[in-house]
Amino acid sequence: MIHELYSMALPNEKEKTLLYYRCLGNVQRKENLFFFLSENSELELSTYFNSFSLEKWKQYTTIKQLFLKGIVVGFFRVEVYGVSADTEQVVKSYLVTSNFELSLDIKNLSYEILYVKFIAEKAESILYSFSYYGLFDSWENVNINGIICTYCREKYVQKNIHILKAFKQREKWFSLTVIDNGQTLTEQNEDGFQIIHNLNYGGSAGFTRGIIESLHKMSLDYILLMDDDIEFDVMILKKTHALLCGLKTSLKESFLSGAMLNMGSPCTQYENTAYWNVIKGISVGHNLDLSKKRSLTINEKKRIKENQYAAWWYCCIPIERVKQIGLPLPIFIKGDDLEYSIRNAREIMTLNGIAVWHEEFQKKNSLWVQYLADRNMMMMNFFVKRGTKSGLLLAVTLRLFRRMIDLKKVSLLVFACSLSDLIKGLSYIAEYGGNKAYIDTVVSNVHEKSILHILKNIVKNSMILFKKYKVIRKDYLNFRNQNLKKSDFWKNYLGIN
């Protein structure tokens, strides 16, 4: 039995066109649904969303044969191209005049990318639709529950709820849970769709609440964590589902990561996974222009880095793996996704065409965000592979140097607070260290301390971290092992019955 993988997707904004198709000659898109091509005109799908990532599909799934299906009127030559880093050539060429189904044996093809070009052999030829199908050695229909965490962002989340609810009606394998930390949306509980009020303990708490709710659902195979303010093409959900249905057994415990594209510059990639480098996350594929054909092969290169992680703007996680590794850290925001991916310790899957648009992250002046970023990024040293006390001391030194450049007493005070709380451990942080009012109180007392006093405190706590590194690290790992393997801690933390 052959299975549909995904269909030709089309842009809803002109600026995104080169992520979907390229034209040569007189090609007109009609009613935003189909194409009229004059004689000798070409429509080419050598693009981020509509090409076929041959190497990745063969690496990740049991696919053994590819089928190209479409509906046309007129007379077309359909050319299939294979693309590698230094090669682009025609693999197959077909003539089609109506509904077509073309078979492509991919066993001996070693290209990274395949794409299709439609060439009109007669005037007024029409392309109505085109899809990829596959024949697999094994195929298991899976169910996915999307989880969105939101806080007082009704404008964004309502739009995405509308899109996903409509998608859910067509695709019965998909369901949706919205965790509302701001408690401004009306709670709902209907077939395959929930809005749940939650205490505002940040994104880590919101996503964890969604995971806990998902653990109670029958016949659920994956959870899909999504930001509330993203833009996306629903075709990425179809592609995600097909990939997971045909997945090799060896990758059943892997996360599937969606890339982030820049909403302000839609063809520019912000990140295609990232990795931790002692003090912060480093984005892979940053600023890659995905409108260029060459970028597609660059983006498909597997970059397996130590401490690699998948961000939660779009991250698909096997539910059975959650049961094995436990729940996320209670650290409000900043680093929860990083630690969770590294804890999973499995290959992270990525694929061209699985991505969302998000506004580029701007540097925020919020002292509260600074506190969380400093504290949590230094904390990651206790959880990552090859974390060391010298690495932590380097992270402390570099972050202190950044604060010293400004010579703003309040910024130094907040850094000192993050360092002090880091020493106190996760039990203390879970109880006190995620509340904005907590930092506001610290800042309100800044006039009582001199810069010299603050610096002495930072040096003292840095030495404590260095001397007691093993003890403190063990305390963090013990907290994770004792409290996060099951949901009891989080249920009590969030007041869930």
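Analyst: Start with Leu400. Leaving aside its neighbours within four places in sequence, Leu400 is in contact (heavy atoms within 4.5 Å) with Leu412, Phe415, Leu455 and Ile458. Leu400 itself lies in helix H9, residues 389-406. Helices (H or I, at least four residues) and strands (E, at least two) are DSSP runs, numbered from the N terminus. This is a predicted model: local features need pLDDT of at least 70, side-chain atom pairs count only at pLDDT 80 or more, and totals for chains, interfaces and linings use all residues. Residues are numbered from 1 along each chain as its sequence is written, and side-chain values use heavy atoms, with hydrogens and water left out.

Helix H13 covers residues 451-467. From its first C-alpha to its last, H13 reaches 24 Å with 17 residues. That is close to the 24 Å expected at 1.5 Å a residue (1.5 Å times one less than the number of residues).

Which residues of H13 are buried? They are Ile454, Ile458, Asn461, Ser462 and Leu465. Here buried means under 20% relative accessible area, exposed over 50%, and partly exposed in between (1.4 Å probe, protein chains only). Looking down the axis of H13, these buried residues fall within an arc of 110°, so they line one face of the helix. The arc is taken from the directions from the helix axis to the C-beta atoms. An α-helix has 3.6 residues a turn, so residues three or four places apart point the same way.

What does the buried side pack against? The buried residues of H13 pack against H9, helix H10 (409-424) and helix H14 (469-483). The face turned away from the buried side carries exposed residues: Leu452, Lys456 and Lys467.

Go back to Leu400 for a sense of distance. Leu400 and Thr87 are 313 residues apart in sequence. In space they are 49 Å apart, C-alpha to C-alpha.

Now compare another helix. H3 covers residues 202-215. Its 14 residues reach 20 Å from first C-alpha to last, close to the 20 Å expected at 1.5 Å a residue. H3 is mostly covered, with 13 of its 14 residues buried.

Two serines belong to H3. Ser204 lies in H3 and is buried, with a relative accessible area of 0%. Its side chain reaches the backbone nitrogen of Ile331 at 3.5 Å. Neighbours within four places aside, Ser204 is in contact with Leu329, Pro330, Ile331, Phe332, Asp336 and Trp490. Ser214 is also in H3. Ser214 is buried, with a relative accessible area of 1%. Beyond four places in sequence, Ser214 is in contact with Asn145, Ile147, Leu220, Ile223 and Ile319.

Next come the strands. In strand E24 (residues 314-318), five of the five residues are buried, so E24 is largely enclosed by the rest of the structure. Tyr314, Cys316 and Pro318 point one way from E24, while Cys315 and Ile317 point the other way. In a regular strand the side chains alternate between the two faces of the sheet.

Which strands pair with E24? Strand E16 (residues 222-227) pairs with E24 in the antiparallel sense over five bridges. Two strands pair if DSSP finds at least two bridges between them. Leu225 has Cys315 of E24 as its bridge partner. Strand E17 (residues 255-257) also pairs with E24 in the antiparallel sense, over two bridges. There, Leu256 stands opposite Cys316.

Another sheet is open. It has five strands in the order E2-E5-E10-E7-E8, with antiparallel pairing. Strands E2 (22-24) and E8 (87-96) are the edges, and each pairs on one side only. Strand E5 (residues 42-44) and strand E10 (residues 113-120) pair in the antiparallel sense over three bridges. Glu42 stands opposite Ile119 in E10. Helix H5 (residues 293-300) packs on this sheet and touches E2, E5, strand E7 (76-84), E8 and E10. The direction of H5 makes about 155° with that of E10. Axes are lines fitted to C-alpha atoms, for helices over the stretch in contact, and angles run from 0 to 180 degrees between N-to-C directions.

Last, two loop residues. Glu31 is found in the loop between strand E3 (27-30) and strand E4 (34-37). Glu31 is exposed, with a relative accessible area of 64%. It has a positive phi of about 50° although it is not a glycine. Val278 is found in the loop between strand E20 (274-276) and strand E21 (281-283). Val278 is partly exposed, at 29% relative accessible area. Its phi is near 90°, also a positive value in a residue other than glycine. Most residues other than glycine have a negative phi.

Methods:
Polar contact = N/O pair within 3.5 Å; in protein donor to acceptor, adjacent residues only side chain to side chain.
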